[in-house]
Amino acid sequence: MPSLKKWNCSGNPWKRRQSMASLIEYARKRTRLLPFAELIAFVEPLLDDDEDYVQKKGLGWTVREIGNAYPEESASWINMRPV
C-alpha cells in the first residue's frame, strides 16, 4: 500500500493508473477486500486527471469494480458527486 499511495500522486500517469488498477485485484477475488473509504481514497485525487488512461480507463474500471464490491456505498458516493 505505501507504494500505491506514492504512485497515486506521481507525475507519471502510468503509475497513477496502476495505483488504482492494483486495487481491482482485491475487489475481483473478494478474499481480502479493503474498506470502501480506503478504495475510494485512491479514486478521488484522480477524478480530474487529464490523462486518458488514468481518467477514463483506470478510474472508470476501478469505480466499476468498487461498485461491484460495495454497491450501496458506491451509489451514494456517485450521487453525491457534483455534475
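In which helix is Thr62 found? Select residues 52-69: this is helix 4, and Thr62 is found there (helices are DSSP runs of H or I with at least four residues, numbered from the N terminus).

The model is predicted, so local features need pLDDT of at least 70 and side-chain atom pairs count only at pLDDT 80 or more, while totals for chains, interfaces and linings use all residues. Residues are numbered from 1 along each chain as its sequence is written, and side-chain values use heavy atoms, leaving out hydrogens and water.

Stay on Thr62, which is buried at a relative accessible area of 1% (buried means under 20%, with a 1.4 Å probe and protein chains only). Its side chain reaches the backbone oxygen of Gly58 at 2.7 Å. Beyond neighbours within four places in sequence, Thr62 is in contact with Met20, Ala21, Ile24 and Val43 (contact means heavy atoms within 4.5 Å).

Next, select helix 3, residues 36-43. Helix 3 and helix 4 pack at about 170°, with axes 10 Å apart (axes are lines fitted to C-alpha atoms over the stretch in contact, and angles run from 0 to 180 degrees between N-to-C directions). Helix 3 is therefore roughly antiparallel to helix 4 (angles over 145 degrees). Display Phe36, Leu39, Ile40 and Val43 of helix 3, which meet Leu59, Thr62, Val63 and Ile66 of helix 4.

Finally, move to Leu34, in the loop between helix 2 (13-29) and helix 3. Leu34 counts as buried at 8% relative accessibility. A distance drawn between the C-alpha atoms of Leu34 and Asp52, 18 residues apart along the chain, spans 26 Å.

Key. Helix = DSSP H or I, 4+ residues; strand = E, 2+ residues; numbered from the N terminus. Buried < 20%, exposed > 50% of the residue type's maximum accessible area, 1.4 Å probe, protein only. Polar contact = N/O pair within 3.5 Å; in protein donor to acceptor, adjacent residues only side chain to side chain. Parallel < 35°, antiparallel > 145°, perpendicular 65-115°, else oblique.
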